Amino acid sequence: MAKTKQGVSALFVLFVTMTMVAAVPPPPNIDVSPDPATVGVKTVSCRNKNYPGCYYKEWTCPSTCPRTCEVNCVTCRPVCNCDKPGAVCQDPRFIGGDGLAFYFHGKKDRDFCLVTDPAVHINAHFIGKRNENMTRDFTWVQALGIRFDNHQLYVGAKKTAIWNDAIDRIELRLDGAHISIPASKGASWQSPSAPSLTISRSHIVNDVVIEVAGNFKIKAVVVPITKKESIVHQYGITNDDCFAHLDLSFKFYSLSGDVNGVLGQTYAHNYVSRIKMGVKMPVLGGNKEFAASDIFSTDCEVARFVGTGDDGEGIKFDNDILRDLQAIR
């Protein structure tokens, strides 16, 4: 009888225990998704050993330029690349060599000369959207066609529907051949056919520095049009295309006094700004004088390029390669 009571008691205790366990509510769902405010935000550091107090100290890019900044080692503070002389960013906003900001909208699906000088010629391919309430296109720089010596370098942003910061959307080609650089911060590539050219990654993806020794240095970052930007500026961006484009910073080492182009003219010795100062959005005209027939052509009205090719034209991309590059868009 005692054994029977003990068995019943044990069963009762087991039943109560299982009931209590079942009654314990499951843990709440924890949202582990990243904070939208930090997605795509980049950290940068000073790489100049001459500033030991700042060397390799990391900073987060300001909210106004979460993907495109660098550290000023002198002040040891991050600065937006798009606010420095030589910048070409957004719906193209230029900061000239004289430090003045202006806009040049060009036209979508057209090519325009940004810089032209005997030793370098840089065209930009514009993409964009038409706003029915405006008389112009919204435009962005999708690619660069760079001529130096007898070489042609292509730097472009691939067409992208939904943006992902972890996916590389930059396209690089030298004289038609694809350039592959490991997806690692600091990884670099040097051309055997153009030893003065070095391309390195300043971030794991979508961010490169292109330098031709003694000629120029370009920082190119692929960025999308965000939903917030589209709403604020009424761009009308849809889910089939985020209009990935280039934010650019230019530095030149040996321009002549006769340099020209949308940006190049602001470095000329006799340059007098044509933009109307004091207005909210100073716009520079000149679609006709800066227009080029394709991304590598040196046929704009203000062309100055000579290069080092036997015929002055250098190596040409063939039509198939140019079609492939256009198909990237």
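Start by selecting L153: leaving aside residues up to four places away in sequence, L153 touches L144, G145, I146, F148, R173, L174, I179, L197, I199, I210 and F296, where a contact means heavy atoms within 4.5 Å. You are looking at a predicted model, in which local features need pLDDT of at least 70, side-chain atom pairs count only at pLDDT 80 or more, and totals for chains, interfaces and linings use all residues. Residues are numbered from 1 along each chain as its sequence is written, and side-chain values use heavy atoms, with hydrogens and water left out.

Now widen the selection. L153 belongs with L144, V155 and F250 as the residues with the most contacts inside the largest nonpolar core, which has 53 residues. Such a core is a set of buried Ala, Val, Leu, Ile, Met, Phe, Trp, Tyr and Cys residues joined through side-chain atoms within 4.5 Å; buried means under 20% relative accessible area, using a 1.4 Å probe and protein chains only. Another core, of 11 residues, lies apart from it and includes V44, W59, V71 and C73.

Why is β17 largely enclosed by the rest of the structure? Seven of its eight residues are buried, so the strand is largely covered in that way. Strands count as paired if DSSP finds at least two bridges between them. Here I218 has F250 as its bridge partner, and F250 is one of the core residues you met above.

Then show β16, residues 207-212, which pairs with β17 in the antiparallel sense over six bridges. V212 stands opposite F216. In the hairpin, three residues lie between the strands, and G214 takes a positive phi near 75 degrees.

For the last stop, select F94, F102, F104, F112, F126 and F290, which form one aromatic cluster. Rings of Phe, Tyr and Trp (its six-membered ring) pair if their centres lie within 6.5 Å; planes under 30 degrees apart count as stacked, over 60 as edge-to-face and the rest as tilted. The whole structure holds 13 aromatic pairs. F104 and F112 are edge-to-face, at 5.5 Å centre to centre and 80 degrees between the planes. F112 and F126 are also edge-to-face, at 5.2 Å and 65 degrees. F112 lies in β8 (residues 110-117) and F126 in β9 (residues 120-130), so this pair ties together parts 14 residues apart in sequence.

Technical notes
Buried means under 20% relative accessible area, exposed over 50%, partly exposed in between (1.4 Å probe, protein chains only). Helices (H or I, at least four residues) and strands (E, at least two) are DSSP runs, numbered from the N terminus.
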